[in-house]
Amino acid sequence: MSTLVIPGDEISVDPERPVVLGPGMYNDPVSQRIIPVNAGLLNISDSKKGQTIYVDYDSKRYTPAVGDLVVGVITGAFADSYRVSLSSFSTPVSLSYMAFPNASKKNRPTLVIGDLVYARVCTAEKELEAEIECVDSTNGSDAGFGLLENGMVIDVTLGFARSLLFNNEFPLLRNLAQHCKFEIAIGVNGKIWIKTDEVKETIACYRSISDCQGQSQEKFQEIIKNHFAQVTNTVEE
Amino acid sequence: MNTRTGYLENVDGSCLYSLNSTKVIAAVTGPVEPKARQELPTQLALEINIRPACGVPTTREVNIQDKVRAVITPTLALYKYPRQLCQITLQLLQAGETESYFHELELVACVNSTTYALVDSGIALKGIALGTTIVITEGNKLITEPTDENLKNAKSTHVVVYMIENSKPTNLLLMDSYGDFDQNDVFKVLEQSEIKINELNKNFREYMKTKLNNL
């Protein structure tokens with residue numbers, strides 16, 4: 001069930017049973033009222049364990065949350081960790097040298113400032129610096145995380161990045177795949193890294209993804225077709 | 001009243017707002033990393049800048065800034081963002097009033113556009129702040145959303161901003177009055193403004209609804 005909520009609206013919850021608050025919900029420390037703090041669609045799911053409430057809303061600024069898959073830029077290197085930027089001007093997060101596969105005291109990762117990494121957020125407390133890791137901490141494998149070489153990064157809204165990553169029905173990537181081969185890493189921080197065999201294909205993908213943002217799904221096919229036609233029709237001299 | 005959110009590309013939230021001949025762009029960026037002197041250990045710091053339609057910011061703009069800050073601060077869930085900063089920049093495009101005498105229309109435009117821009121940015125809010133201007137004429141008539149001409153001929157001018165929670169105006173955030181008026185006038189103004197604010201709130205909800213349906 002989903003209804004529109006505006007910050008400050010009254011939400012009916014059963015006070016007898018445990019409540020889990022997701023994004024967009026807030027328990028005011030003073031009044032102890034549970035209220036939505038963002039404008040969006042309210043989702044309440046009821047299970048035996050309790051009620052889960054969150055607000056589905058679109059925004060541009062990313063705040064780290066545990067478990068999120070993100071694309072970051074290395075902005076600094078210290079004695080035992082990197083500093084990574086997940087979105088411009090936001091507080092940077094840290095990436096420990098030990099949070100890589102096969103890490104040891106002697107075996108240092110070789111990332112340099114300016115490199116892109118695909119990682120998972122492992123701790124995110126609002127009072128502390130968030131931490132990310134490039135390893136699946138349950139089994140120590142690399143799980144597809146780590147350095148992203150070459151390619152290009154597209155900045156999109158967080159809602160768009162989430163639909164690309166989690167919504168299997170979302171047709172954009174399937175439509176793109178009809179035109180070229182590509183490697184893609186989607187961060188829920190609104191950064192999408194894409195790499196193809198040729199520069200012109202990368203440009204076409206970049207423009208297609210940027211332009212499909214905010215458009216209806218029926219238009220995707222045409223937008224992509226136009227951009228690929230544009231890059232292939234240019235004469236190389 | 002005309003609003004358009006997401007007007008600017010490179011900020012987190014923005015809104016182009018116009019009412020009669022007052023026009024303003026609000027831009028919100030945050031939560032971002034603050035400068036060391038702005039940082040507050042437990043809550044969100046707020047930086048508000050107002051740029052006038054003409055010339056450089058003066059004490060007059062600082063006065064509007066302070067009022068906007070007083071109104072916006074209680075609506076923000078400040079403790080959700082310790083050691084973070086929220087930057088609000090308001091660029092007036094058209095004052096819509098004689099700037100040397102009045103600031104009422106601009107103040108209301110700044111408050112309302114900031115509310116839209118904040119919601120657009122996704123910063124946590126406990127409620128929304130919406131305001132209106134009311135003037136009392138020489139003939140003791142109340143006019144909401146006055147023009148510059150109305151302001152000049154008024155006996156008194158009033159700016160009223162309410163905090164809206166759960167679709168109801170719950171908290172009077174600002175009442176800024178100039179001119180000749182008595183207690184009765186104040187009550188009349190409050191009554192009238194509440195009706196207007198409810199209408200503005202309805203518009204706000206409608207706007208958010210159509211925005212979500214377009215996604």
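Which domains does the domain assignment of chain A give? It gives domain 1 (18–56), domain 2 (68–148) and domain 3 (152–232), with bounds that come from an automatic or database domain assignment.

Before going on, two notes on the model. This is a predicted model, in which local features need pLDDT of at least 70, side-chain atom pairs count only at pLDDT 80 or more, and totals for chains, interfaces and linings use all residues. Residues are numbered from 1 along each chain as its sequence is written, while chains are lettered from A and ligands numbered from 1 in the order in which they are written.

Back to chain A. Taken over C-alpha atoms, the centres of domain 2 and domain 3 of chain A are 25 Å apart. Their contact takes nine residues from domain 2 of chain A and eight residues from domain 3 of chain A. Two residues are in contact if their C-beta atoms, placed from the backbone, lie within 7 Å. On the domain 2 side, strands E7 (69–77) and E10 (116–123) of chain A each supply at least two residues. E7(A) has the largest share, three residues. Strands here are DSSP runs of E, at least two residues, and helices are runs of H or I, at least four, numbered from the N terminus. That side divides into seven nonpolar residues, one polar and one charged. Ala, Val, Leu, Ile, Met, Phe, Trp, Tyr, Cys and Pro count as nonpolar, Asp, Glu, Lys and Arg as charged, and the others, Gly among them, as polar.

Next, the two chains. How many residues does the contact take from chain B and from chain A? It takes 26 from chain B and 26 from chain A. Strand E3 (22–32), helix H2 (104–121), strand E8 (154–165) and helix H4 (183–213) of chain B each supply at least two residues of the chain B side. H4(B) gives the most, four residues. The chain B side has 14 nonpolar, five polar and seven charged residues.

Last, the cores. A nonpolar core is a set of buried Ala, Val, Leu, Ile, Met, Phe, Trp, Tyr and Cys residues joined through C-beta atoms within 7 Å. Buried means that 20 or more other C-beta atoms lie within 10 Å of the residue's own, placed from the backbone. The largest nonpolar core has 71 residues, and Ala26(B) and Cys110(B) are among those with the most contacts inside it. H2(B) gives the most to this core, 10 residues. Apart from it lies another core, of 42 residues, including Val93(A) and Phe145(A).

Technical notes
Buried ≥ 20, exposed ≤ 12 C-beta atoms within 10 Å, placed from the backbone.
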